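User: Could you walk me through the contacts that hold this model together?

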Amino acid sequence: MHGTRQSGLSTVALALALSVSLGAAAQSLDERLDDDAFLRGLVDLELRDVLEHYLRTHPPADQVQEAEFRIAAERLQVRHAGSDPAARRGTIDRIIELRQGLIDGHPDHPRRPIWQIDQAADLMLEVLRRDASGLTAVFGLPSDVQRERAARIAGDADTLLTEAAEGVHRIILELEARPGFRQDETLQEARRRIAREERDRRIPFLHGMATYVRAAVESVRDTQRSRWLEASARRLASLFDDVDPEVTRRARLFSGLALVELERYDEAAAALARVGPR
């Protein structure tokens, strides 16, 4: 049954791949967002053959597209790295390096906010947890090196997400300002997708985690620490009933921990009550 479903998905995706043109120079903002979603879909469904065929038959139009194609291929490689930590680490490092080149080299690109969110996700969900040093820094007795490393990673993610939030807001306004927006379902869907997935889910989830880690490991004044904890609890509270159980679990955990630090114990207990094992 799984093989039949995978084969069917591959066929549909291949048909889409053959019908999509990626003339980046002439693309509108909504078309560029669609391309990004398409590549993500191939990676998420682990359609390796389809992705490889797509990359062979659609030569990159420019350096940005070439880097995005390489990132998509590397991202799929992460899925196949299995339990080999060294292979996974090397692939993630290549992705981060490629993406940072895009972020630094193309400050006005319409997809820059999405790259920044992706970069923050890899920093918080991949790099921070290496060798369990991120957990040690937050929950244990870290060395100075571990503490500094966690602070640097969370600080970088915080900066990326602050800029990304502004960029996503601009994208939404630009989509809404397009002629015929109210009658154009394609534009409306592009707006709904970026609002739902980026503004309302990924940014608050990652930003809430980043600000909590900063509050936990950085030596700052109590007022600054309290601001970070308040921001963390507020951002993550919006995800307590997310469709993804793992997002819900982490949101409740980190929000609850922030509320404990703020001595808001009843709220913390309510948040942590539904945090269980995976």
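Analyst: Happy to! Let us start with a term: contact means heavy atoms within 4.5 Å. Helices (H or I, at least four residues) and strands (E, at least two) are DSSP runs, numbered from the N terminus, and buried means under 20% relative accessible area, exposed over 50%, partly exposed in between (1.4 Å probe, protein chains only). This is a predicted model, in which local features need pLDDT of at least 70, side-chain atom pairs count only at pLDDT 80 or more, and totals for chains, interfaces and linings use all residues. Residues are numbered from 1 along each chain as its sequence is written, and side-chain values use heavy atoms, with hydrogens and water left out.

User: Which helices do the buried residues of α10 pack against?

Analyst: The buried residues of α10 include Trp-228, Leu-229 and Leu-236. Ala-231, Ser-232 and Ala-233 are also among the buried ones. The helices that this buried set packs against are α8, α9 and α11.

User: How far apart are the end C-alpha atoms of α10?

Analyst: Helix α10 covers residues 222-237. The expected span of a helix is 1.5 Å times one less than its number of residues, so the 16 residues of α10 should span 22 Å. That agrees with the model, where the end C-alpha atoms are apart by 22 Å.

User: Is Ser-232 buried or exposed?

Analyst: Ser-232 sits in helix α10. Leaving aside neighbours within four places in sequence, Ser-232 is in contact with Gly-208, Thr-211, Tyr-212, Phe-254 and Ala-258. With a relative accessibility of 0%, Ser-232 counts as buried.

User: What kind of aromatic pair do Tyr-212 and Phe-254 make?

Analyst: Rings of Phe, Tyr and Trp (its six-membered ring) pair if their centres lie within 6.5 Å; planes under 30 degrees apart count as stacked, over 60 as edge-to-face and the rest as tilted. The structure holds 1 aromatic pair. The ring centres of Tyr-212 and Phe-254 are 5.6 Å apart and the planes are at 75°, so this pair is edge-to-face.

User: How many salt bridges does a search of the whole structure find?

Analyst: A salt bridge is a side-chain nitrogen of Lys or Arg within 4 Å of a carboxyl oxygen of Asp or Glu. One of them joins Arg-88 to Glu-126, with the closest N and O atoms 2.6 Å apart. Arg-88 lies in helix α5 (residues 85-105) and Glu-126 in helix α6 (residues 112-127), so the bridge ties together parts 38 residues apart in sequence. For the whole structure, the search finds 27.

User: Which residue forms a salt bridge with Arg-112?

Analyst: Arg-112 counts as buried at 17% relative accessibility. The closest N and O atoms of the bridge are 3.6 Å apart.

User: What separates Glu-189 and Arg-192 along helix α9?

Analyst: Glu-189 forms a salt bridge with Arg-192, the closest N and O atoms being 3.1 Å apart. An α-helix has 3.6 residues a turn, so residues three or four places apart point the same way. Glu-189 and Arg-192 are 3 residues apart in helix α9 (residues 185-217), which means that they are separated by about one helical turn.
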